[in-house]
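Here is a set of questions and answers to work through with the model open beside you. Take them one at a time and look up each residue as you go.

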Amino acid sequence: MATFLYRLGRWAFDRRKLVTLLWVAVLAVGGVLAAKAPAAPDDGFAMPGTEAQQAFDLMNERFPGGHADGASARIVFVAPDGQKITAGPNQQAVERTVAELAHSEQVTNAVDPFQAHAVSQDGTTAYATVSYSVKGGELSDGAKTTLEQAAQHGRDAGLKVEIGGTALMSKGEAGGSSEAIGMALSAVVLVITFGSLVAAGLPLLTAVVGVGLGMAMITALGSTLGLSATTGTLAMMLGLAVGIDYAVFIVSRYRAELAEGRAPREAAGRAVGTAGSAVVFAGLTVVIALAGLSVVGIPILSKMGLAAAGTVVIAVLVALTLVPALLGFIGRRVLPRKVRKASATTDARRSGENGGARWARFVLRRPLLVLIGGVVGLGVLAAPALDLRLGLPGDEAKPTSTTERRAYDLLSDGFGPGFNGPLTVLVDTRGTPNPKAAADKVVETIHGVPGVVAVTPPVFNQAGDTALVNAIPATGPADAATTDLVKTIRGKAAGLKADTGSTVLVTGTTAMNIDVSQKLSDALPPYLALVVGLAVVLLLLVFRSVLVPLKAALGFLLSVAAALGAVVAIFQWGWLAELIGVDQTGPVMSMMPIFMIGVVFGLAMDYEVFLVTRIREAYVHGESPSEAIVTGFRHNARVVTAAALIMIAVFSGFIGMNEPMIKMMGLGLAAAVAFDAFVVRMALVPAVLALLGRRAWWLPKRLDKALPDVDVEGAKLQAADAEPAAEQQPVTV
């Protein structure tokens, strides 16, 4: 592989204009396709294999035209202090507001709270439910404007009016201040690392090209493949981070080759042949981890993983072709001016000992102490993860500045927290002799379940063979007691089937969230085994060692556990929550652990591959295990540190977003990268390698013969004859 990539790097360097123009053309075509593509669809909430989804599908079948998946708005009205909402002027204001909405576009139904008995016991609060014919993400601007204007008319009449539900739900938007913050911090890190504005700007430029093309393709294929705006945000988050890192790896190796006296063309070839090999395998581990999300069986998670994996593939291709092409234009200007003036010999001599080498020697003197300290420290940070609770937070997790959150709080105060998460019970009475009696029996049974505060009368479809019943829990939708309540009601389904012949299914947003969390929890162990297993096999090819891949996987588990502990401590326990704008603690987003495991595993392997391949390269070329560790850290510790800081900067930028999942993902990924890069890879890796010595590179002879030689270390390049001086023409810059 190293030889092929070496030739690819020199080819891109020689044909720099052609390669650059090709990438510009591809980016332009992607931009045109994205501009002409229909808008991205709503995320949807299809969760195959769950009872909630089964009931949801049956609702759409038995209640045609009911738009069970349509957007809804819950408008909460609160009377002025000391007044009742049922007072004449107040009631008239509510009725006018509801009547105004009943005839607006895309509205299928607007329920008057006084006719539906949706008034609190103290008479101060009422709520109206407005149903739409389209999903929240497809609601027209006119419909949203009408909804907001109607609410304002109620406020003008002296009422407090807030709007909950999905009607005003904003799409997760990619772009904006989060990416700008990440790019700015990355630029600072690169300038400090490289000491050259040109060298710092190149990774940023190529990362923008890669992410721009990835986002353009996601947008262009959005309506065809159902890729939502949230999918694009997560793909941008990851694509920007790895795009910068991969370019940094190659630029750093190019600078090292120049410092050793090689001509720019040869340096570019060797940089792509060696660091490029590490980029390919690091990228493959990321793609494996992300594509593996498809095995979970949740469509939205599969789309997120595949879209992000596609962006990573583009980042790898950019690093292998566009980076060496741009190096052809830059030449030696990638080095700081003072280094360009110094001789190659002088520079090589100065680079004999640096911070990375000194740190490696420190670890080599105390490997057991460093190993124990790192493991214990990460273990302490991981402790809160033992209290991990999964869920899909709704309006209660939004900032108090949003009308959705204020509506949630008003509804909880007026009616109880359970009114924000009603359970929809579907009663399939097809084939029963007395459908009404069967439905009434279900209502009676549910009403007697502890934790249920109210049950609505059954509402039958036109055919009279299916009824819907709403059950109001005493607790909020994200409470553990509500989860237990859903399980209790479902546990009575078998008895009701025997007594009445009807099938009882529990659905609704709250039940759907519970089912999703359970499905993700069940899928976590097999997913982890699949991803880690495939990646260990891949690393076995890279390092030709049994113990090094196992060490890499165990180190990853430590870092991701510590990151989950940090997420639980902040988002679930509330530690330091105010500092990052978390207004309400609650369960961790159910998709967070499995998605973070997929992403972080790939990113962790980036550092493992780039750092340890350089150590193995030195070992293969004859150095002792200890000296190989020092050599690897001398050359790559600074770059790995910079790459980690860049990733942390990019991910940290997303902590400022309002979307709870993106905020949580940004913090979790930033913490995981910090733990993995600075504790696991920079401390535990050299400590373990030092303790293992030559045994770290042990591989059974039969397995050694069976494995293909991918030559990631570039041994064949070292053995090859140097490029003839006649071919090493000076580069005009």
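**Reading the model, residue by residue**

Phe-194 is buried, with a relative accessible area of 3%; buried means under 20%, exposed over 50% and partly exposed in between, using a 1.4 Å probe and protein chains only. This is a predicted model, in which local features need pLDDT of at least 70 and side-chain atom pairs count only at pLDDT 80 or more, while totals for chains, interfaces and linings use all residues. Residues are numbered from 1 along each chain as its sequence is written, and side-chain values use heavy atoms, with hydrogens and water left out.

Q: In which helix is the place of Phe-194?
A: Helices here are DSSP runs of H or I with at least four residues, strands are runs of E with at least two, and both are numbered from the N terminus. Among the residues that Phe-194 touches, beyond those up to four places away in sequence, are Val-248, Val-251 and Pro-336; contact means heavy atoms within 4.5 Å. The place of Phe-194 is in helix 6 (residues 177–194).

Q: How many Å apart in space are Phe-194 and Val-442, C-alpha to C-alpha?
A: In sequence, Phe-194 and Val-442 are 248 residues apart. In space, their C-alpha to C-alpha distance is 70 Å.

Q: Is Arg-405 buried or exposed?
A: Arg-405 sits in helix 16 (residues 403–415). Its contacts, leaving out residues up to four places away in sequence, include Asp-395, Glu-396 and Asp-583. With a relative accessible area of 6%, Arg-405 is buried.

Q: How many residues does the largest nonpolar core have?
A: In soluble globular proteins, nonpolar side chains tend to be buried together. A nonpolar core is a set of buried Ala, Val, Leu, Ile, Met, Phe, Trp, Tyr and Cys residues joined through side-chain atoms within 4.5 Å. Leu-238, Tyr-246, Leu-301 and Phe-651 have the most contacts inside the largest one. The size of that core is 191 residues.

Q: Which ring forms a stacked aromatic pair with Phe-249?
A: Rings of Phe, Tyr and Trp (its six-membered ring) pair if their centres lie within 6.5 Å; planes under 30 degrees apart count as stacked, over 60 as edge-to-face and the rest as tilted. Phe-249 is in helix 9 and its partner is in helix 22 (residues 592–620), so the pair ties together parts that are 361 residues apart in sequence. The centres are 3.9 Å apart with 10° between the planes, and the partner is Phe-610.

Q: What are the plane angle and the class of the pair Tyr-246 and Phe-249?
A: Tyr-246 and Phe-249 are three residues apart in helix 9 (residues 229–259), which means about one helical turn separates them. Tyr-246 is buried at 0% relative accessibility, and Phe-249 is buried at 1%. Their ring centres are 6.5 Å apart and their planes are at 45°, so the pair is tilted.

Q: At what angle do helix 18 and helix 20 pack?
A: Axes are lines fitted to C-alpha atoms, for helices over the stretch in contact, and angles run from 0 to 180 degrees between N-to-C directions. Angles under 35 degrees count as roughly parallel, over 145 as roughly antiparallel, 65 to 115 as roughly perpendicular and the rest as oblique. Helix 18 and helix 20 are therefore roughly perpendicular. With axes 10 Å apart, helix 18 (residues 480–491) and helix 20 (residues 509–543) pack at about 95°.
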